[in-house]
Amino acid sequence: MRESSSVPEKSAARSAVIAAVIFIIAHLALLVGITTPEKFYFDEVHYVPAARQMLEPVMPSPMLNPMHPPLAKQLIAVSIRAFGDVPLGWRYPGVLFGALSIVAMYLCGLALFAAQGPAIATALLAFFNQMVFVQSRIAMLDIFSLSFGLLAVAAFMHGFRQARPHRWFALAGLAFGLSAACKWSGLFPLAVCIVIVAVIRLMQSWRTQFADGNASDWYRPGLWPDFRSYHFAACFVLAPAVGYLATFVPLYGLSLPDLLEAQRRIFSDNTTTAIAGHTYMSSWPSWPFLVRPVWYLFDKVADDRIAAVVFLGNPVVLWAALPALAVCLRDWIVTRRADAFLILSFYAGPYLAWALLPRTLGFLYYYLPAATLASLALVYVLRRGNSPRWLLWAFVATAGAGFAAMLPITVAFVGTSMETFVRLMLFQSWI
């Protein structure tokens with residue numbers, strides 16, 4: 001990683017053009033067939049009615065879906081107002097923010113690797129991983145939280161090696177607040193940033209230094225010389241709080257008791273131990289191995305023809321990511337590489353946080369942020385050392401082939417036969 005900037009200033013315009021192209025292509029790809037099925041499926045039954053309620057002149061009581069913050073539902077409501085109370089209106093915001101998520105992964109790759117090729121490969125692997133694709137085409141909350149969270153991670157990574165990271169850290173904090181305003185799991189990567197900065201500052205206060213320190217170390221005594229404690233509070237406490245609380249104002253105004261009661265309700269609903277027993281539930285240790293997918297849709301549409309949407313993840317990407325993460329761990333311990341450290345931190349934080357929650361009801365889509373960021377580990381390993389450039393692109397092509405093979409169980413408008421469906425569901429636990 002570079003000292004002054006992860007991306008040379010002269011390439012900023014080029015990077016902006018590439019980001020725009022990635023957004024347009026991802027947006028168009030996600031938009032194809034978005035209105036199928038022409039009915040609610042899976043958790044749309046919870047979130048679309050809650051968004052409809054927000055369009056009422058006076059907010060009805062009781063409020064629907066009070067267990068989650070309002071921003072994602074507000075975005076769905078705006079889309080319904082613009083496009084009508086139809087499938088396109090329900091799902092278009094997910095398409096928009098899904099495309100932004102792919103752009104955010106490109107920006108993360110650019111910040112870490114300081115090269116266009118690896119950054120583009122990161123975005124492609126995130127798209128081919130299947131999880132972002134499926135989650136962008138359904139009116140749920142997760143893709144909104146993911147998009148804001150990934151943009152925040154990109155900003156933090158960009159600022160990490162700069163002498164004055166203030167602006168980038170503030171942008172990260174604000175985006176993390178918006179991520180949490182969609183779903184409280186958006187707080188997990190914010191906590192990662194807080195821990196990283198706190199640990200580095202603590203080590204600096206102890207005057208810690210490596211005997212053979214160099215510019216690629218994740219920790220250096222001279223890191224962020226002008227970043228004071230009040231900057232830390234402004235970036236990682238005040239900015240997230242302002243972004244988060246601002247989304248409640250349209251619902252509650254500036255009533256402090258109402259705002260506090262809304263937070264109490266969200267906290268209560270999200271920390272209470274849930275009763276186990278959902279058909280597609282799975283526990284957090286199983287998520288990296290894709291043991292139990294979630295069937296979002298399974299409809300018979302004709303004789304021996306079904307429409308299926310299975311949230312599973314591309315095994316080519318996600319299983320290969322596990323040894324890649326092990327290599328990142330090795331490099332962080334042995335060579336103290338900052339890029340390996342950041343990849344591990346933002347993978348492990350949003351994933352292992354679920355182990356600390358008392359809820360017994362979990363689903364594979366909770367793994368979405370960590371699984372998406374795992375693309376960085378794959379690019380890191382495939383361009384490590386003297387690896388030939390073609391190796392990375394050969395893997396990207398293989399991941400794309402795996403993604404294409406899964407389309408019959410990924411998008412409802414494609415449709416498939418029962419025979420093909422069974423063939424694609426490789427393991428008994430997937431059925």
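Trainee: Where is Pro 37 found?

Mentor: Pro 37 sits in the loop between helix 1 (12-31) and helix 2 (44-54). Helices here are DSSP runs of H or I with at least four residues, and strands are runs of E with at least two, numbered from the N terminus. This is a predicted model, in which local features need pLDDT of at least 70, side-chain atom pairs count only at pLDDT 80 or more, and totals for chains, interfaces and linings use all residues. Residues are numbered from 1 along each chain as its sequence is written, and side-chain values use heavy atoms, without hydrogens and water.

Trainee: Which kind of peptide bond joins Thr 36 and Pro 37, cis or trans?

Mentor: Most residues other than glycine have a negative phi, and most peptide bonds are trans. The bond joining Thr 36 and Pro 37 is cis, with omega about 5°. A cis bond also runs from Ser 61 to Pro 62, with omega near 5°; Pro 62 is in the loop between helix 2 and helix 3 (71-83).

Trainee: What is the phi of Trp 224, and where does Trp 224 lie?

Mentor: Trp 224 is not a glycine, yet its phi is positive, about 50°. Trp 224 lies in the loop between helix 9 (187-205) and helix 10 (229-246). Leu 290, also not a glycine, has a positive phi of about 55° and belongs to the loop between helix 12 (256-271) and strand 1 (294-302).

Trainee: Is Trp 224 buried or exposed?

Mentor: Buried means under 20% relative accessible area, exposed over 50%, and partly exposed in between, with a 1.4 Å probe and protein chains only. Trp 224 counts as buried because its relative accessibility is 0%. Leu 290 is likewise buried, at 0%.
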